[in-house]
Amino acid sequence: QVQLVESGGGLVQAGGSLRLSCAASGRTFGSYAMGWFRQAPGKERDVVATISWSGGSTYYADSVKGRFTISRDNAKNTVFLQMNSLKPEDTAVYYCAATPGTYYSALYYAKGSKYDYWGQGTQVTVSS
């Protein structure tokens, strides 16, 4: 079992920055692919970014490319999402997700259904 706890959400003005963190329990964190997803009111959950078990491969949704950066620290069992140049359309609940996997495919891990574990979510609100 893996437990995920997100933090770092909040209210920020457009153009501002936030850094989300996701702390994971478990001794095998380093063998898990990780992802950040978000869900806005009335919309489906969408992938934001994913990262391979080693951190060597990443994927970003087109809507966040060049503005968001996903990273991980396996020694601290933590994955991060640095969000810059935030826009009102980035407003959503952001979820961290994890699944075992040492083979990384960007298309595969962009699907939420491929993840076994989810955090409770953290709200990000961007005001205009």
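Reader: Let me start with two residues: are Tyr 32 and Tyr 117 buried or exposed?

Author: Tyr 32 is buried, and Tyr 117 is buried too. Here buried means under 20% relative accessible area, exposed means over 50%, and partly exposed is in between, with a 1.4 Å probe and protein chains only. Keep in mind that this is a predicted model, where local features need pLDDT of at least 70, side-chain atom pairs count only at pLDDT 80 or more, and totals for chains, interfaces and linings use all residues. Numbering runs from 1 along each chain as its sequence is written, and side-chain values use heavy atoms, with hydrogens and water left out.

Reader: How many aromatic pairs does the structure hold?

Author: A pair of aromatic rings is described by the distance of the centres and the angle of the planes. Rings of Phe, Tyr and Trp (its six-membered ring) pair if their centres lie within 6.5 Å; planes under 30 degrees apart are stacked, over 60 edge-to-face, and the rest tilted. This structure has seven such pairs. In one of them, Tyr 32 and Tyr 117 have ring centres 6.2 Å apart and planes at 45°, so the pair is tilted. Tyr 32 sits in strand 4 and Tyr 117 in strand 10 (residues 117–118), so to speak distant parts of the chain, 85 residues apart, are linked. Strands (E, at least two residues) and helices (H or I, at least four) are DSSP runs numbered from the N terminus.

Reader: What kind of pair do Phe 37 and Tyr 115 form?

Author: An edge-to-face one, with 5.3 Å from centre to centre and 75° between the planes. Phe 37 is in strand 4 and Tyr 115 in the loop between helix 1 (106–109) and strand 10, so this pair ties together parts 78 residues apart in sequence. Both Phe 37 and Tyr 115 are buried. They also belong to a cluster that ring pairs build from Phe 37, Tyr 104, Tyr 108, Tyr 109, Tyr 115 and Trp 118.

Reader: Which residues have the most contacts inside the largest nonpolar core?

Author: In soluble globular proteins, nonpolar side chains tend to be buried together. A nonpolar core is a set of buried Ala, Val, Leu, Ile, Met, Phe, Trp, Tyr and Cys residues joined through side-chain atoms within 4.5 Å. The largest one has 31 residues, and Leu 4, Met 34, Trp 36, Leu 81, Met 83 and Tyr 94 have the most contacts inside it. Strands that each supply at least two of its residues include strand 4 (32–39), strand 8 (78–83) and strand 9 (92–100). Another core lies apart from it, with eight residues, among them Ala 33, Ala 97, Tyr 109 and Tyr 115.

Reader: And what is Leu 4 in contact with?

Author: Contact means heavy atoms within 4.5 Å. Leaving aside neighbours within four places in sequence, the partners of Leu 4 include Cys 22, Met 34, Cys 96, Tyr 117 and Trp 118.
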